[in-house]
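Reader: Could you walk me through this structure? I am new to reading models like this one.

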Amino acid sequence: MKINKNIIIENIKTIFYALVIAIVIRSLFIQPFYIPSSSMEPTMLIGDRLFVTKYSYGYSKHSFPFSPTIFKGRLLFNAPKRGDVVVFKTTQDNRTDFIKRLIGLPGDNIQFINGDVYINNNQITKSLTSKSDVIYCGNQVKVNTFVETLPNGKTHKTVYYKNNSYQNTGVFIVPEKHYFFLGDNRDCSGDSRFLTGLGYVPEVNLVGKAQFIFFSSDFRIASIFSFWKWHKTIRFDRFLKRIN
């Protein structure tokens, strides 16, 4: 059978253009992410798939696949707001994507005292909403759920273990052009409290702002191929849920 070279060339061109368009959209506008851990429960669950806007904070080398060093710093920078849920590259390898809530801005003093968070010597207000919620951290754990109110008025849910394991710290002073992040699942999150781990996140490492969940499933319950159990594994109530 004779192969039409023109058809092959046109197909290659189509694939190439499709890849270019996909890279442009992913780099400049919006990118999907998957949640693999429970560090942001109850805001985000393992198995949530969400869209992150890349333009929210401007662009750095980490806006592009493989983080090429094509320019320094950030272009079209918009400062993130306290309380934003942000995707960023971890400082440990500058490749792995993390997602946490922004708590501390450059120059802030952050401290935990008796399990409460203080920003610049002012306690974050938190109101208890439940003593019987269950979250996941390797296994199921009963927690106290609170609504915290940040200094700018932004509110969000957080959970703490019954016997809070993270009571007191020294003072964290956020350096210039760096940010301090916490997980909403406070006792099951590796975040900026651990300076030998994640630590303070440089401005250049910000990737984008989490906006909404477009799909969610818990395939720990059953395999994706067990379609007769999708009513249990797929969380239809989380589709198109905006991230607070």
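Reader: Is Cys-188 buried or exposed?

Author: Cys-188 is buried, with a relative accessible area of 19%, where buried means under 20%, exposed over 50%, and partly exposed in between, using a 1.4 Å probe and protein chains only. This is a predicted model, in which local features need pLDDT of at least 70 and side-chain atom pairs count only at pLDDT 80 or more, while totals for chains, interfaces and linings use all residues. Residues are numbered from 1 along each chain as its sequence is written, and side-chain values use heavy atoms, leaving out hydrogens and water.

Reader: Which residue does a disulfide join to Cys-188?

Author: The disulfide, meaning a pair of cysteine sulfur atoms within 2.5 Å, links Cys-188 to Cys-137 with an S to S distance of 1.8 Å. Cys-137 lies in strand S8 (residues 125-137) and Cys-188 in the loop between S12 and strand S13 (201-202), so the pair ties together parts 51 residues apart in sequence; strands here are DSSP runs (E, at least two residues), just as helices are (H or I, at least four), numbered from the N terminus.

Reader: And why is it called right-handed?

Author: The torsion about the S-S bond of Cys-137 and Cys-188 is about 85 degrees, so the disulfide is right-handed.

Reader: New topic: what does Ile-103 touch?

Author: Leaving aside residues up to four places away in sequence, Ile-103 touches several residues, including Arg-82, Ile-119, Phe-180 and Arg-186, with contact meaning heavy atoms within 4.5 Å.
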